[in-house]
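Morning, everyone. Here is the model I want to walk through today.

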Amino acid sequence: MPPTDADHERFMGLALDQARRGLAAGEVPIGAVVVAGGSVVGEGFNRPVGAVDPTAHAEIVALRAAASARGNYRLPDTTLYVTLEPCLMCVGALISARVGTLVYGAVEPKWGAIESILKVGTLAANHRFAVVAGVREAECRALVVDFFRARRARGIE
């Protein structure tokens with residue numbers, strides 16, 4: 001049975017919980033969860049600063065956890081929930097992992113590669129995934145906007 005709007009709301013809530021963990025760790029508050037068969041199989045929040053790793057975006061952290069848990073880097077029957085539209089690197093990882101569906105909260109006008117700066121779904125790729133956008137959008141956007149507003153108020157760019 002395909003996920004319902006209530007399922008999307010619930011799992012995005014878990015991604016928001018991950019984003020808040022990232023915020024508490026001093027990272028840009030983006031969170032992600034990978035779901036298969038109605039259960040979370042991977043989760044993560046942005047960790048590039050703490051991990052000293054430019055690839056430690058929430059999506060990558062969650063995909064790595066899901067691949068490890070399932071013993072396979074291919075995740076075809078999964079849905080990735082993420083609070084912010086993924087960047088090009090993360091969309092590439094979704095394609096490589098063969099994720100079935102992407103669900104995201106808010107658009108990312110500076111880096112988003114689904115509908116903002118690039119529309120990867122329109123490119124000839126060896127895998128395509130379904131996209132659901134705008135789930136709990138206001139909450140997802142507010143977390144990031146408030147984070148950067150607070151940084152600017154402290155004089156940090």
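First, the ground rules. This is a predicted model, where local features need pLDDT of at least 70, side-chain atom pairs count only at pLDDT 80 or more, and totals for chains, interfaces and linings use all residues. Residues are numbered from 1 along each chain as its sequence is written, and side-chain values use heavy atoms, with hydrogens and water left out.

Now strand β3, residues 78–84. Helices (H or I, at least four residues) and strands (E, at least two) are DSSP runs, numbered from the N terminus. Seven of the seven residues of β3 are buried, so the strand is largely enclosed by the rest of the structure. Buried means under 20% relative accessible area, with a 1.4 Å probe and protein chains only.

What does β3 pair with? Strand β1, residues 31–36, is joined to β3 by five bridges, and the two run antiparallel. Two strands pair if DSSP finds at least two bridges between them.

On to the lining of the largest pocket. Which helix gives the most to it? That is α5, with seven residues; α5 spans 137–153. By class, the lining has 17 nonpolar, three polar and nine charged residues. Ala, Val, Leu, Ile, Met, Phe, Trp, Tyr, Cys and Pro count as nonpolar, Asp, Glu, Lys and Arg as charged, and the others, Gly among them, as polar.

Conventions:
Buried < 20%, exposed > 50% of the residue type's maximum accessible area, 1.4 Å probe, protein only.
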